[in-house]
Amino acid sequence: GNRSEPKTFTVTVRDTTPPVLTVPGPIVREQIMLNGTVVQWTCLANDICDAEPEVDCDPPSSTVFQLGTHTVTCTARDDRGNVSDPQTFTVTVRDTTPPTRPVLAGPDPIVAEQADAAGTEVQWICTSTDTCDANPTIVYDPPVGTKFPLGNHPVTAYARDDAGNESDRLRFTVTIQDTTPPDLTVPDDITVEQATANGTAVNFNCVMSDICDAAPIADCVPPSGSVFPLGATVVNCVARDFSRNPSPPQTFTVTVVDTTPPDVNPPEDVEFEQTTADGTPAEGLDLGTPTVTDICDAQPTFYPAVEIEVEVEGEMQLQWVPIPEDYVFALGDTVVRWYAHDAQGNSAYAEQTVTVEDTTPPAIAPPEDVQFEQTTADGTPAEGLDLGTPTLTDICDAQPTFYPAVEIEVEVEGEMQLQW
(Lines give C-alpha, C1' and ligand atoms only; values in the text may rest on other atoms or scores of the structure.)
Protein backbone atom coordinates (compact mmCIF):
# COMPACT_ATOMS: atom_id res chain seq x y z
CA GLY A 1 0.00 0.00 0.00
CA ASN A 2 3.03 2.17 0.03
CA ARG A 3 2.98 4.84 -2.60
CA SER A 4 5.87 6.66 -4.17
CA GLU A 5 6.16 10.27 -4.43
CA PRO A 6 3.91 11.53 -7.15
CA LYS A 7 5.55 12.20 -10.46
CA THR A 8 3.97 14.38 -13.21
CA PHE A 9 4.17 14.62 -16.97
CA THR A 10 2.30 16.71 -19.52
CA VAL A 11 -0.18 15.48 -22.03
CA THR A 12 -0.71 18.11 -24.77
CA VAL A 13 -3.81 17.87 -26.96
CA ARG A 14 -3.47 20.10 -29.91
CA ASP A 15 -5.68 21.00 -32.85
CA THR A 16 -3.87 21.18 -36.14
CA THR A 17 -6.59 19.69 -38.20
CA PRO A 18 -8.27 22.24 -40.48
CA PRO A 19 -11.96 22.27 -40.87
CA VAL A 20 -13.58 20.36 -43.66
CA LEU A 21 -15.21 22.81 -46.05
CA THR A 22 -18.00 21.96 -48.48
CA VAL A 23 -18.98 24.66 -50.99
CA PRO A 24 -22.06 24.74 -53.22
CA GLY A 25 -22.00 23.45 -56.73
CA PRO A 26 -22.16 25.92 -59.59
CA ILE A 27 -24.88 28.49 -59.02
CA VAL A 28 -26.89 29.87 -61.95
CA ARG A 29 -29.16 32.87 -61.47
CA GLU A 30 -31.22 35.04 -63.82
CA GLN A 31 -30.23 38.67 -63.99
CA ILE A 32 -32.94 40.68 -62.26
CA MET A 33 -31.66 44.25 -62.47
CA LEU A 34 -29.46 46.32 -64.68
CA ASN A 35 -26.28 45.92 -62.61
CA GLY A 36 -26.71 42.23 -61.96
CA THR A 37 -28.24 39.89 -59.38
CA VAL A 38 -27.69 39.46 -55.62
CA VAL A 39 -26.61 35.87 -55.09
CA GLN A 40 -26.60 34.17 -51.70
CA TRP A 41 -25.28 30.76 -50.73
CA THR A 42 -24.28 28.72 -47.75
CA CYS A 43 -21.03 26.79 -47.23
CA LEU A 44 -20.81 23.83 -44.82
CA ALA A 45 -17.73 23.75 -42.58
CA ASN A 46 -17.10 20.92 -40.06
CA ASP A 47 -14.32 20.86 -37.50
CA ILE A 48 -13.39 18.35 -34.88
CA CYS A 49 -12.91 21.02 -32.30
CA ASP A 50 -14.70 24.12 -33.42
CA ALA A 51 -18.39 23.75 -33.66
CA GLU A 52 -18.70 26.85 -35.79
CA PRO A 53 -15.63 27.40 -37.89
CA GLU A 54 -15.59 30.68 -39.81
CA VAL A 55 -16.06 30.56 -43.56
CA ASP A 56 -14.61 33.32 -45.74
CA CYS A 57 -15.61 33.60 -49.43
CA ASP A 58 -14.31 36.01 -52.05
CA PRO A 59 -16.54 37.55 -53.13
CA PRO A 60 -18.88 37.00 -50.21
CA SER A 61 -22.45 35.77 -50.28
CA SER A 62 -25.05 38.45 -51.13
CA THR A 63 -22.69 40.12 -53.53
CA VAL A 64 -24.29 41.68 -56.64
CA PHE A 65 -22.95 39.61 -59.47
CA GLN A 66 -22.94 41.08 -62.94
CA LEU A 67 -23.92 39.23 -66.04
CA GLY A 68 -21.48 36.42 -66.70
CA THR A 69 -19.64 33.65 -64.81
CA HIS A 70 -17.71 34.45 -61.68
CA THR A 71 -15.43 32.18 -59.55
CA VAL A 72 -15.95 32.27 -55.81
CA THR A 73 -13.08 31.04 -53.58
CA CYS A 74 -13.87 29.99 -50.03
CA THR A 75 -11.84 28.83 -47.00
CA ALA A 76 -12.84 27.74 -43.51
CA ARG A 77 -10.90 28.72 -40.38
CA ASP A 78 -11.36 27.16 -36.96
CA ASP A 79 -10.75 28.91 -33.73
CA ARG A 80 -7.25 27.52 -33.68
CA GLY A 81 -6.48 29.24 -36.92
CA ASN A 82 -6.43 26.11 -38.94
CA VAL A 83 -7.43 26.97 -42.48
CA SER A 84 -8.95 24.54 -44.87
CA ASP A 85 -7.78 24.18 -48.37
CA PRO A 86 -9.44 26.72 -50.69
CA GLN A 87 -12.60 25.49 -52.38
CA THR A 88 -14.12 27.15 -55.44
CA PHE A 89 -17.40 27.20 -57.21
CA THR A 90 -18.87 29.37 -59.92
CA VAL A 91 -21.70 31.84 -59.87
CA THR A 92 -23.23 32.44 -63.30
CA VAL A 93 -25.61 35.31 -63.86
CA ARG A 94 -27.41 34.92 -67.14
CA ASP A 95 -29.94 36.90 -69.10
CA THR A 96 -32.57 34.75 -70.76
CA THR A 97 -35.43 37.18 -70.21
CA PRO A 98 -36.44 38.92 -73.45
CA PRO A 99 -37.26 42.61 -73.58
CA THR A 100 -40.87 43.69 -73.50
CA ARG A 101 -42.66 43.68 -76.84
CA PRO A 102 -42.16 47.08 -78.50
CA VAL A 103 -44.87 49.68 -78.06
CA LEU A 104 -45.65 51.96 -81.00
CA ALA A 105 -45.58 55.62 -80.03
CA GLY A 106 -48.67 56.77 -81.89
CA PRO A 107 -51.75 55.36 -83.55
CA ASP A 108 -51.94 52.14 -85.49
CA PRO A 109 -52.14 52.28 -88.45
CA ILE A 110 -49.66 55.02 -89.18
CA VAL A 111 -51.33 57.12 -91.88
CA ALA A 112 -49.28 59.39 -94.11
CA GLU A 113 -50.12 61.39 -97.21
CA GLN A 114 -48.33 60.37 -100.38
CA ALA A 115 -45.51 62.84 -101.00
CA ASP A 116 -44.44 62.02 -104.56
CA ALA A 117 -45.00 59.46 -107.27
CA ALA A 118 -42.79 56.89 -105.52
CA GLY A 119 -44.52 57.21 -102.15
CA THR A 120 -43.63 58.66 -98.76
CA GLU A 121 -40.73 58.17 -96.35
CA VAL A 122 -42.27 57.31 -92.99
CA GLN A 123 -40.66 57.70 -89.56
CA TRP A 124 -41.93 56.14 -86.36
CA ILE A 125 -40.74 55.32 -82.85
CA CYS A 126 -41.25 52.19 -80.74
CA THR A 127 -40.12 51.71 -77.16
CA SER A 128 -39.16 48.59 -75.20
CA THR A 129 -37.77 47.88 -71.75
CA ASP A 130 -35.43 45.15 -70.56
CA THR A 131 -34.31 44.01 -67.13
CA CYS A 132 -30.67 44.02 -68.05
CA ASP A 133 -30.28 46.19 -71.13
CA ALA A 134 -31.10 49.86 -70.63
CA ASN A 135 -31.38 50.38 -74.38
CA PRO A 136 -32.48 47.26 -76.17
CA THR A 137 -32.20 47.41 -79.91
CA ILE A 138 -35.47 47.53 -81.83
CA VAL A 139 -35.40 45.84 -85.20
CA TYR A 140 -37.94 46.83 -87.87
CA ASP A 141 -38.89 45.12 -91.09
CA PRO A 142 -39.00 47.21 -93.24
CA PRO A 143 -36.77 49.74 -91.47
CA VAL A 144 -37.68 53.22 -90.27
CA GLY A 145 -37.47 55.77 -93.07
CA THR A 146 -38.58 53.34 -95.77
CA LYS A 147 -40.38 54.99 -98.69
CA PHE A 148 -43.73 53.27 -98.86
CA PRO A 149 -45.84 53.37 -102.02
CA LEU A 150 -49.56 54.04 -102.02
CA GLY A 151 -51.55 51.47 -100.02
CA ASN A 152 -51.36 49.45 -96.78
CA HIS A 153 -48.04 47.93 -95.73
CA PRO A 154 -47.36 45.62 -92.74
CA VAL A 155 -44.40 46.41 -90.48
CA THR A 156 -42.91 44.00 -87.94
CA ALA A 157 -40.92 45.15 -84.91
CA TYR A 158 -39.14 43.29 -82.13
CA ALA A 159 -36.65 44.21 -79.41
CA ARG A 160 -33.29 42.52 -78.90
CA ASP A 161 -31.22 42.99 -75.76
CA ASP A 162 -27.46 42.81 -75.59
CA ALA A 163 -27.74 39.15 -74.58
CA GLY A 164 -29.47 38.42 -77.86
CA ASN A 165 -32.89 37.78 -76.32
CA GLU A 166 -35.68 38.76 -78.67
CA SER A 167 -39.08 40.01 -77.66
CA ASP A 168 -42.42 39.01 -79.09
CA ARG A 169 -43.21 40.59 -82.43
CA LEU A 170 -45.20 43.78 -82.76
CA ARG A 171 -47.12 44.10 -85.97
CA PHE A 172 -48.58 47.37 -87.18
CA THR A 173 -49.59 48.93 -90.48
CA VAL A 174 -48.30 51.90 -92.45
CA THR A 175 -50.98 53.33 -94.71
CA ILE A 176 -50.01 55.71 -97.50
CA GLN A 177 -53.06 57.54 -98.72
CA ASP A 178 -53.62 59.96 -101.57
CA THR A 179 -56.21 62.56 -100.69
CA THR A 180 -54.50 65.44 -102.48
CA PRO A 181 -56.41 66.51 -105.60
CA PRO A 182 -54.65 67.26 -108.86
CA ASP A 183 -53.91 70.80 -109.98
CA LEU A 184 -55.99 71.77 -113.01
CA THR A 185 -55.41 74.67 -115.37
CA VAL A 186 -58.05 75.21 -118.02
CA PRO A 187 -57.56 77.24 -121.21
CA ASP A 188 -58.36 80.90 -121.39
CA ASP A 189 -61.73 81.74 -122.90
CA ILE A 190 -61.86 80.66 -126.54
CA THR A 191 -63.53 82.54 -129.39
CA VAL A 192 -63.94 80.84 -132.77
CA GLU A 193 -65.76 81.54 -136.00
CA GLN A 194 -68.81 79.44 -136.75
CA ALA A 195 -67.83 76.84 -139.33
CA THR A 196 -71.06 74.99 -140.07
CA ALA A 197 -74.77 75.46 -139.62
CA ASN A 198 -74.55 73.45 -136.37
CA GLY A 199 -71.59 75.34 -134.98
CA THR A 200 -67.85 74.70 -134.74
CA ALA A 201 -65.86 71.72 -133.48
CA VAL A 202 -63.47 73.08 -130.85
CA ASN A 203 -60.46 71.22 -129.50
CA PHE A 204 -58.79 72.34 -126.29
CA ASN A 205 -56.26 71.06 -123.80
CA CYS A 206 -56.20 71.26 -120.02
CA VAL A 207 -52.97 71.13 -118.05
CA MET A 208 -52.98 68.77 -115.06
CA SER A 209 -50.37 67.85 -112.48
CA ASP A 210 -50.54 65.57 -109.47
CA ILE A 211 -48.16 64.54 -106.70
CA CYS A 212 -48.82 60.86 -107.28
CA ASP A 213 -50.34 60.42 -110.71
CA ALA A 214 -48.16 61.30 -113.68
CA ALA A 215 -51.19 61.43 -115.98
CA PRO A 216 -54.35 62.65 -114.24
CA ILE A 217 -57.43 62.84 -116.43
CA ALA A 218 -59.55 65.92 -117.01
CA ASP A 219 -63.30 65.46 -117.50
CA CYS A 220 -64.87 68.41 -119.30
CA VAL A 221 -68.50 68.98 -120.16
CA PRO A 222 -68.81 69.47 -123.08
CA PRO A 223 -65.62 67.58 -123.94
CA SER A 224 -62.88 68.70 -126.28
CA GLY A 225 -63.82 68.14 -129.91
CA SER A 226 -67.50 68.89 -129.34
CA VAL A 227 -69.43 70.97 -131.84
CA PHE A 228 -70.23 74.19 -130.01
CA PRO A 229 -73.30 76.08 -131.21
CA LEU A 230 -73.44 79.76 -131.99
CA GLY A 231 -73.07 81.83 -128.81
CA ALA A 232 -71.30 81.35 -125.49
CA THR A 233 -71.03 77.91 -123.87
CA VAL A 234 -69.53 77.41 -120.41
CA VAL A 235 -67.22 74.39 -120.20
CA ASN A 236 -66.97 72.78 -116.75
CA CYS A 237 -63.82 70.75 -116.06
CA VAL A 238 -62.68 68.54 -113.17
CA ALA A 239 -59.39 66.60 -113.03
CA ARG A 240 -59.13 63.26 -111.25
CA ASP A 241 -56.07 61.23 -110.32
CA PHE A 242 -55.98 57.44 -110.10
CA SER A 243 -57.21 57.72 -106.50
CA ARG A 244 -60.29 59.49 -107.91
CA ASN A 245 -59.50 62.69 -106.01
CA PRO A 246 -61.36 65.49 -107.81
CA SER A 247 -59.79 68.87 -108.34
CA PRO A 248 -61.81 72.00 -107.63
CA PRO A 249 -64.02 72.64 -110.66
CA GLN A 250 -62.65 75.05 -113.25
CA THR A 251 -64.60 76.74 -116.01
CA PHE A 252 -63.93 78.63 -119.19
CA THR A 253 -66.13 79.87 -122.00
CA VAL A 254 -66.17 78.85 -125.65
CA THR A 255 -67.81 81.54 -127.76
CA VAL A 256 -68.77 80.75 -131.32
CA VAL A 257 -69.31 83.91 -133.34
CA ASP A 258 -70.64 84.49 -136.83
CA THR A 259 -68.82 87.37 -138.46
CA THR A 260 -68.70 85.78 -141.90
CA PRO A 261 -71.07 87.50 -144.36
CA PRO A 262 -73.14 85.54 -146.82
CA ASP A 263 -71.71 84.67 -150.20
CA VAL A 264 -73.66 86.51 -152.91
CA ASN A 265 -73.62 85.53 -156.59
CA PRO A 266 -75.72 88.11 -158.45
CA PRO A 267 -78.00 87.28 -161.37
CA GLU A 268 -76.62 87.89 -164.84
CA ASP A 269 -76.69 91.41 -166.25
CA VAL A 270 -80.01 92.18 -167.94
CA GLU A 271 -81.17 94.51 -170.73
CA PHE A 272 -84.57 96.11 -171.08
CA GLU A 273 -86.13 98.24 -173.77
CA GLN A 274 -86.93 101.76 -172.71
CA THR A 275 -90.67 102.03 -172.26
CA THR A 276 -91.20 105.63 -171.17
CA ALA A 277 -89.57 108.95 -171.75
CA ASP A 278 -87.90 108.68 -168.33
CA GLY A 279 -86.73 105.17 -168.80
CA THR A 280 -88.18 101.80 -167.86
CA PRO A 281 -90.12 101.42 -164.59
CA ALA A 282 -88.66 98.83 -162.23
CA GLU A 283 -92.06 97.50 -161.26
CA GLY A 284 -92.70 94.25 -163.01
CA LEU A 285 -89.17 93.82 -164.29
CA ASP A 286 -87.55 90.44 -163.78
CA LEU A 287 -84.04 91.20 -162.62
CA GLY A 288 -83.36 87.56 -161.84
CA THR A 289 -82.56 85.95 -158.48
CA PRO A 290 -79.15 85.93 -156.84
CA THR A 291 -77.62 82.78 -155.37
CA VAL A 292 -77.02 83.46 -151.69
CA THR A 293 -75.34 80.99 -149.31
CA ASP A 294 -74.26 81.36 -145.71
CA ILE A 295 -72.29 79.06 -143.40
CA CYS A 296 -74.71 79.52 -140.55
CA ASP A 297 -77.98 80.79 -141.93
CA ALA A 298 -79.84 78.44 -144.24
CA GLN A 299 -82.11 81.24 -145.49
CA PRO A 300 -80.31 84.57 -145.52
CA THR A 301 -82.43 87.49 -146.72
CA PHE A 302 -81.60 89.49 -149.84
CA TYR A 303 -82.92 92.42 -151.86
CA PRO A 304 -81.87 94.59 -154.82
CA ALA A 305 -80.79 98.17 -154.15
CA VAL A 306 -80.03 101.23 -156.25
CA GLU A 307 -78.16 104.39 -155.41
CA ILE A 308 -80.43 107.42 -155.22
CA GLU A 309 -80.45 110.76 -153.54
CA VAL A 310 -82.22 110.81 -150.19
CA GLU A 311 -82.63 113.58 -147.73
CA VAL A 312 -80.60 113.10 -144.55
CA GLU A 313 -80.94 115.79 -141.90
CA GLY A 314 -81.94 118.36 -144.50
CA GLU A 315 -79.21 117.45 -146.95
CA MET A 316 -79.42 115.34 -150.07
CA GLN A 317 -77.06 112.40 -150.04
CA LEU A 318 -76.48 109.45 -152.30
CA GLN A 319 -77.42 106.22 -150.59
CA TRP A 320 -78.06 102.62 -151.55
CA VAL A 321 -81.67 101.78 -150.81
CA PRO A 322 -84.02 98.94 -151.73
CA ILE A 323 -85.48 99.66 -155.16
CA PRO A 324 -88.52 101.88 -154.59
CA GLU A 325 -91.83 100.85 -156.11
CA ASP A 326 -91.86 103.93 -158.38
CA TYR A 327 -88.23 103.64 -159.41
CA VAL A 328 -87.52 104.03 -163.11
CA PHE A 329 -84.34 102.70 -164.67
CA ALA A 330 -82.93 105.48 -166.86
CA LEU A 331 -81.60 104.95 -170.32
CA GLY A 332 -78.16 103.40 -170.11
CA ASP A 333 -76.45 101.30 -167.46
CA THR A 334 -77.59 101.24 -163.83
CA VAL A 335 -75.73 99.30 -161.15
CA VAL A 336 -77.97 97.21 -158.93
CA ARG A 337 -76.51 95.94 -155.69
CA TRP A 338 -77.91 92.71 -154.36
CA TYR A 339 -77.56 92.90 -150.56
CA ALA A 340 -77.73 89.75 -148.42
CA HIS A 341 -78.02 89.57 -144.61
CA ASP A 342 -77.69 86.54 -142.37
CA ALA A 343 -79.36 86.03 -139.01
CA GLN A 344 -76.41 87.65 -137.20
CA GLY A 345 -76.64 90.82 -139.27
CA ASN A 346 -73.57 90.09 -141.38
CA SER A 347 -74.06 91.55 -144.84
CA ALA A 348 -72.48 91.40 -148.26
CA TYR A 349 -73.40 92.49 -151.72
CA ALA A 350 -72.69 91.78 -155.34
CA GLU A 351 -73.40 94.01 -158.29
CA GLN A 352 -75.52 93.48 -161.39
CA THR A 353 -75.79 95.84 -164.35
CA VAL A 354 -79.24 96.72 -165.63
CA THR A 355 -79.10 98.25 -169.12
CA VAL A 356 -82.00 100.21 -170.55
CA GLU A 357 -81.66 100.68 -174.29
CA ASP A 358 -83.70 102.40 -176.94
CA THR A 359 -83.97 100.33 -180.11
CA THR A 360 -87.51 101.42 -181.04
CA PRO A 361 -87.48 103.96 -183.96
CA PRO A 362 -89.71 107.01 -183.91
CA ALA A 363 -93.15 106.77 -185.54
CA ILE A 364 -93.39 109.05 -188.67
CA ALA A 365 -96.58 110.30 -190.25
CA PRO A 366 -95.47 112.11 -193.50
CA PRO A 367 -97.21 115.23 -194.66
CA GLU A 368 -99.82 114.83 -197.37
CA ASP A 369 -98.67 114.45 -200.94
CA VAL A 370 -98.20 117.84 -202.69
CA GLN A 371 -98.19 119.09 -206.28
CA PHE A 372 -96.19 121.95 -207.75
CA GLU A 373 -96.14 123.65 -211.24
CA GLN A 374 -92.89 123.20 -213.19
CA THR A 375 -91.09 126.44 -213.24
CA THR A 376 -87.94 125.68 -215.22
CA ALA A 377 -86.90 123.54 -218.15
CA ASP A 378 -85.39 121.07 -215.66
CA GLY A 379 -88.32 121.07 -213.29
CA THR A 380 -89.21 122.96 -210.18
CA PRO A 381 -86.43 123.95 -207.71
CA ALA A 382 -86.96 122.58 -204.20
CA GLU A 383 -85.89 125.79 -202.57
CA GLY A 384 -88.84 127.65 -201.27
CA LEU A 385 -91.26 124.80 -201.75
CA ASP A 386 -93.53 123.95 -198.80
CA LEU A 387 -93.48 120.17 -198.58
CA GLY A 388 -95.37 120.17 -195.29
CA THR A 389 -94.26 118.84 -191.89
CA PRO A 390 -94.32 115.19 -190.86
CA THR A 391 -95.73 114.12 -187.50
CA LEU A 392 -93.10 112.28 -185.38
CA THR A 393 -93.54 110.45 -182.06
CA ASP A 394 -90.95 108.54 -180.05
CA ILE A 395 -91.21 106.61 -176.77
CA CYS A 396 -87.99 108.04 -175.46
CA ASP A 397 -87.28 111.25 -177.42
CA ALA A 398 -89.77 114.08 -177.08
CA GLN A 399 -88.23 115.96 -180.04
CA PRO A 400 -86.85 113.56 -182.59
CA THR A 401 -85.11 115.24 -185.51
CA PHE A 402 -86.31 114.84 -189.09
CA TYR A 403 -85.41 115.94 -192.64
CA PRO A 404 -86.66 115.23 -196.17
CA ALA A 405 -84.39 113.26 -198.50
CA VAL A 406 -84.33 112.30 -202.21
CA GLU A 407 -82.53 109.54 -204.09
CA ILE A 408 -79.80 110.80 -206.40
CA GLU A 409 -76.62 109.54 -207.99
CA VAL A 410 -73.48 110.34 -206.03
CA GLU A 411 -69.91 109.34 -206.71
CA VAL A 412 -68.56 106.86 -204.19
CA GLU A 413 -64.93 105.80 -204.64
CA GLY A 414 -65.04 106.71 -208.33
CA GLU A 415 -68.35 105.06 -209.02
CA MET A 416 -71.77 106.61 -209.35
CA GLN A 417 -74.32 105.17 -206.92
CA LEU A 418 -77.90 105.96 -206.06
CA GLN A 419 -78.21 107.19 -202.52
CA TRP A 420 -80.77 108.98 -200.39
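Setting aside residues up to four places away in sequence, Val-264 touches Pro-290, Thr-291, Val-292, Trp-338, Ala-340, Ala-348, Tyr-349 and Ala-350, where contact means heavy atoms within 4.5 Å. This is a predicted model, in which local features need pLDDT of at least 70 and side-chain atom pairs count only at pLDDT 80 or more, while totals for chains, interfaces and linings use all residues. Residues are numbered from 1 along each chain as its sequence is written, and side-chain values use heavy atoms, with hydrogens and water left out.

Val-264 also belongs to the largest nonpolar core, which has 16 residues, and together with Leu-287, Phe-329, Val-336 and Val-354 it touches the most other members. A nonpolar core is here a set of buried Ala, Val, Leu, Ile, Met, Phe, Trp, Tyr and Cys residues joined through side-chain atoms within 4.5 Å; buried means under 20% relative accessible area, exposed means over 50%, and partly exposed lies in between (1.4 Å probe, protein chains only). Two or more residues of this core come from each of strand E26 (270-273), strand E32 (332-341) and strand E33 (347-357), and E33 gives the most, with four residues. Strands (E, at least two residues) are DSSP runs numbered from the N terminus, as are helices (H or I, at least four residues).

## The five-stranded sheet

Five strands make up an open sheet in the order E26-E33-E32-E29-E30, with mixed pairing; two strands pair if DSSP finds at least two bridges between them. At the edges stand E26 and strand E30 (315-322), each of which has a single partner strand, so one side of each is left without a neighbour in the sheet. Direction ignored, neighbouring strands of this sheet are turned by 35° against each other on average, the axes being lines fitted to C-alpha atoms (for helices over the stretch in contact), with angles running from 0 to 180 degrees between N-to-C directions.

Within this sheet, strand E29 (residues 301-312) pairs with E32 in the antiparallel sense over five bridges, and Ala-305 stands opposite Arg-337 in E32. The side chain of Arg-337 also meets that of Glu-351 in a salt bridge (2.9 Å, N to O), a term that requires a side-chain nitrogen of Lys or Arg within 4 Å of a carboxyl oxygen of Asp or Glu. This pair links distant parts of the chain, with Arg-337 in strand E32 and Glu-351 in strand E33, 14 residues apart. Arg-337 counts as buried at 16% relative accessibility, whereas Glu-351 is partly exposed, with a relative accessible area of 42%.

## The four-stranded sheet

Another open sheet is formed by four strands in the order E18-E24-E23-E21, and its pairing is mixed. Strand E18 (190-193) and strand E21 (217-221) are found at the edges, where each has a single partner strand, so one side of each is left without a neighbour in the sheet. On average, and with direction ignored, neighbouring strands here are turned by 25° against each other.

The antiparallel pairing of E21 with strand E23 (residues 231-240) runs over five bridges, and Ala-218 has Ala-239 in E23 as its bridge partner. A salt bridge also joins the side chains of Arg-240 and Asp-219 (3.4 Å, N to O); because Arg-240 lies in strand E23 and Asp-219 in strand E21, the pair ties together parts that are 21 residues apart in sequence. Arg-240 is partly exposed, with a relative accessible area of 26%, and Asp-219 likewise counts as partly exposed, at 37% relative accessibility.

## Other salt bridges

Side chains of opposite charge can pair when their charged atoms come close. The count of salt bridges comes to six. One of them joins Arg-94 with Glu-30, whose closest N and O atoms are 3.7 Å apart; Arg-94 lies in strand E8 (residues 87-94) and Glu-30 in strand E2 (residues 27-30), so the pair ties together parts that are 64 residues apart in sequence. Arg-94 is partly exposed at a relative accessible area of 43%, and Glu-30 is partly exposed at 22%.

## The loop residue Asn-165

Asn-165 is located in the loop between strand E15 (151-160) and strand E16 (170-177), and at 14% relative accessibility it counts as buried. The side chain of Asn-165 reaches the backbone oxygen of Asp-95 at 2.7 Å. Leaving aside neighbours within four places in sequence, Asn-165 is in contact with Asp-95, Thr-96, Thr-97, Pro-98, Pro-99, Ala-159 and Arg-160.

Definitions and conventions. Polar contact = N/O pair within 3.5 Å; in protein donor to acceptor, adjacent residues only side chain to side chain.
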